[in-house]
Amino acid sequence: MDNINWLNREEMLIGKESINKLKNSNVIVFGLGGVGSYVVEGLVRVGIGNITIVDKDVVDITNINRQLIADTETVGMAKVDAEKARILKINPQINVASIKEIVNKDNIENIFAIANNIILNNATTIENSGTKFKIDYVIDAIDTVSSKLEIIKYCHDKDIKIISCMGTGNKLDASRFEITDINKTSVCPLAKVIRKELRRLNINHLKVLYSTEEPIKTDAKIPASISFVPSVAGLLIAGEVIRELM
């Protein structure tokens, strides 16, 4: 693939220096659902050079209404496998690591180690095999509170940039998303839980995306969702990360 050609219009907008910064950036995306799959899409299509994707789930038929990687051909596939295949169709030259695991305190160190060494793990020739590569940004797009907290705490302790997505279910107005500090959030039930837990962990700040829209009440025990809300959240997160990386 001709990298200069496929990113030609982007280069006109942001310049070659920014293109190179993005190509040399190294990010992790946790969660490949309605939000995370669109985060990945935005990052890969902008020319991010190194990406690690983490998700334990397989594609379910009920994911088709909102998850970019979900269609009639990928139902039953591991999400990381479906996503990796899509990523490589967009940019065959990207370094991509896929990890099919649920994040917990026992495996988080290893996940970050794999992501940190993604260039070494993927490149065909490495002049200095002892070289270490830093992680530039982490995107938390998962639903499980315990896993979110493990990721947030790890990034806080290691001084790694992170943005965490709050709830996007039971919403219909995608224009109500905001990117702000966790302490400035309201309305969102997930944000309320995370605020409380971060106080317990003595973590004072966290960049998040959340919605100011009151959740729509349903009788269902799981969050309801629609195509155009989590997708917007994912692209907003991708845009925030890309602008910081440039």
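Which residues of H8 are buried? The structure examined here is a predicted model, in which local features need pLDDT of at least 70 and side-chain atom pairs count only at pLDDT 80 or more, while totals for chains, interfaces and linings use all residues. Residues are numbered from 1 along each chain as its sequence is written, and side-chain values use heavy atoms, with hydrogens and water left out.

The buried residues of H8 (buried: under 20% relative accessible area, 1.4 Å probe, protein chains only) are Ser 147, Lys 148, Leu 149, Ile 151, Ile 152, Tyr 154 and Cys 155. Their cover includes strands E1 (26-30), E4 (137-140) and E5 (162-165), together with helices H6 (108-116) and H9 (189-200). Helices (H or I, at least four residues) and strands (E, at least two) are DSSP runs, numbered from the N terminus. After H8 comes Asp 159, with a positive phi near 55°.

Turning to the aromatic residues, the structure holds 2 aromatic pairs (ring centres within 6.5 Å; planes under 30 degrees apart are stacked, over 60 edge-to-face, the rest tilted). The ring centres of Phe 30 and Phe 112 are 5.9 Å apart with planes at 35°, so this pair is tilted. Because Phe 30 belongs to strand E1 and Phe 112 to helix H6, the pair ties together parts 82 residues apart in sequence.

Note on methods
Buried means under 20% relative accessible area, exposed over 50%, partly exposed in between (1.4 Å probe, protein chains only). Contact means heavy atoms within 4.5 Å. Rings of Phe, Tyr and Trp (its six-membered ring) pair if their centres lie within 6.5 Å; planes under 30 degrees apart count as stacked, over 60 as edge-to-face and the rest as tilted.
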